[in-house]
2 protein chains.
Amino acid sequence: MPKRANLSDTLCPVGRSAELLGDRAVLLILRELFFGRRRFEVIAANTALRPQLVSARLKLLVTEGIAERRAYQERPVRHDYWLTDKGKALFEVLYAMRNWAERWAYAPGETGDGHAIRYIHRACGADVGTATICPGCGASLGYGDLKGEPSSVLKAEQIARAG
Amino acid sequence: MPKRANLSDTLCPVGRSAELLGDRAVLLILRELFFGRRRFEVIAANTALRPQLVSARLKLLVTEGIAERRAYQERPVRHDYWLTDKGKALFEVLYAMRNWAERWAYAPGETGDGHAIRYIHRACGADVGTATICPGCGASLGYGDLKGEPSSVLKAEQIARAG
DNA sequence: ACTTGTCACTATGATTATCATAGTTACTAT
DNA sequence: ATAGTAACTATGATAATCATAGTGACAAGT
């Protein structure tokens, strides 16, 4: 591709988000980070992206202040990637994407019964479905409040990919 | 690019959404459709995307059941594009993207005072800020409930693009 | 000491999506 | 007959992504 027009200089907030999020690799890597998978090889395996792409996008996420590269051990030095606050704030976007897909992107029965990923409100244990306000206790829901639980069919796929 | 791996066959809902939404052109065109801009030339001008791209993505959105191509006049036949229910359901995603950018993607003072786009709850007139529940009346907010009002600086940019 | 293994990448060459610019089709208006 | 508009399509150049392979730094095992 030629040099894409840069959207960072538009004043439109959707345009600015699109500059970052309008990229499959970025979205998949963010998904991994939100699932707590922080290591390069794990991310590459789960997303099925080539290492150069993972490398390039992680660098981008770091320079954009969305992820942070940390050494998790010395000798040998090994690094992993953590979401910053700016990165964690993207949870609402990924959650909205998940909610849309749960409703619109599956054939009937494809996920077994119920959702491909169930989200549980840690504080009260309620299955929140696709809500942004806990149907059990009324609390508003953000990253950290929820625990994602893949359905058995999705879990099987993830194991196949990792293996 | 070579044939990308297709994400539609993953069971992960974020992956399925990413297959569609992980594309700058798709996001920008959706933004236009949500703003009620339905005609090819208008979309192309506002997004600054080349007509082939607009054409290709609109076709994709139609085959995915997200947009619908309608004739708005005969003699000469002219078409425009409307969001379907499946498309309208993507509002939460775009709204989350806007909310994230309003908080994280601007330098201080860059939008004048306040947000780049203000959203007003049609029913009660309250400025909802970045909420998903109206702070004025407590109603939950979806597409159709809100009226987007670009700030003066953003409006100026849009006029410049269209002109 | 030497092989094997792991992690986090980088290198190379092929493919193809997107770009910039221009052209097309089908009609209306003057 | 000429000019204009809407909604595209065609062509050739450029660069992002692909598939496959390789690298560097270290650890563990024989």
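## Interface between the chains

A polar contact is a pair of N or O atoms within 3.5 Å, where within protein one atom must be able to donate a hydrogen and the other to accept it, and residues adjacent in sequence count only if both atoms are side-chain atoms. Between chain B and chain A, 18 residue pairs are in polar contact, both residues being at pLDDT 80 or more. The model is predicted, with local features needing pLDDT of at least 70 and side-chain atom pairs counting only at pLDDT 80 or more, while totals for chains, interfaces and linings use all residues. Residues are numbered from 1 along each chain as its sequence is written, chains are lettered from A in the order in which they are written, and side-chain values use heavy atoms, with hydrogens and water left out.

Four salt bridges are counted between chain B and chain A (a side-chain nitrogen of Lys or Arg within 4 Å of a carboxyl oxygen of Asp or Glu), and one is formed by Glu19(A) with Arg24(B), whose closest N and O atoms are 3.8 Å apart. Contact, meaning heavy atoms within 4.5 Å, links 48 residues of chain B with 48 residues of chain A. The two chains bury about 4,400 Å² between them, 69% of it on carbon and sulfur atoms, buried area being the accessible area (1.4 Å probe) that two parts lose on being put together, summed over both. Leu11(B), Arg24(B) and Trp100(B) supply 19% of the area that chain B buries against chain A, more than any other three residues.

## A strand pair in chain A

Strand E3 (residues 117-121) of chain A has four of its five residues buried, that is, under 20% relative accessible area with a 1.4 Å probe and protein chains only; strands are DSSP runs of E with at least two residues, and helices DSSP runs of H or I with at least four, numbered from the N terminus. Five bridges join E3(A) to strand E4 (residues 146-150) of chain A in an antiparallel arrangement, and within this pairing Arg118(A) stands opposite Glu149(A).

## Helix H3 in both chains

In chain B, helix H3 (residues 40-47) has Ile43(B), Ala44(B), Asn46(B) and Thr47(B) buried, and its buried residues pack against H2, helix H4 (51-63) and H7 of chain B. Just after H3(B), Ala48(B) takes a positive phi of about 60°.

In chain A, Thr47(A) is found in helix H3 (residues 40-47) and is buried, with a relative accessible area of 5%. A polar atom of the Thr47(A) side chain lies 3.4 Å from the backbone oxygen of Ala44(A). Leaving aside neighbours within four places in sequence, Thr47(A) is in contact with Leu28(A), Ile29(A), Arg31(A) and Glu32(A).

Definitions and conventions
Buried means under 20% relative accessible area, exposed over 50%, partly exposed in between (1.4 Å probe, protein chains only). Two strands pair if DSSP finds at least two bridges between them.
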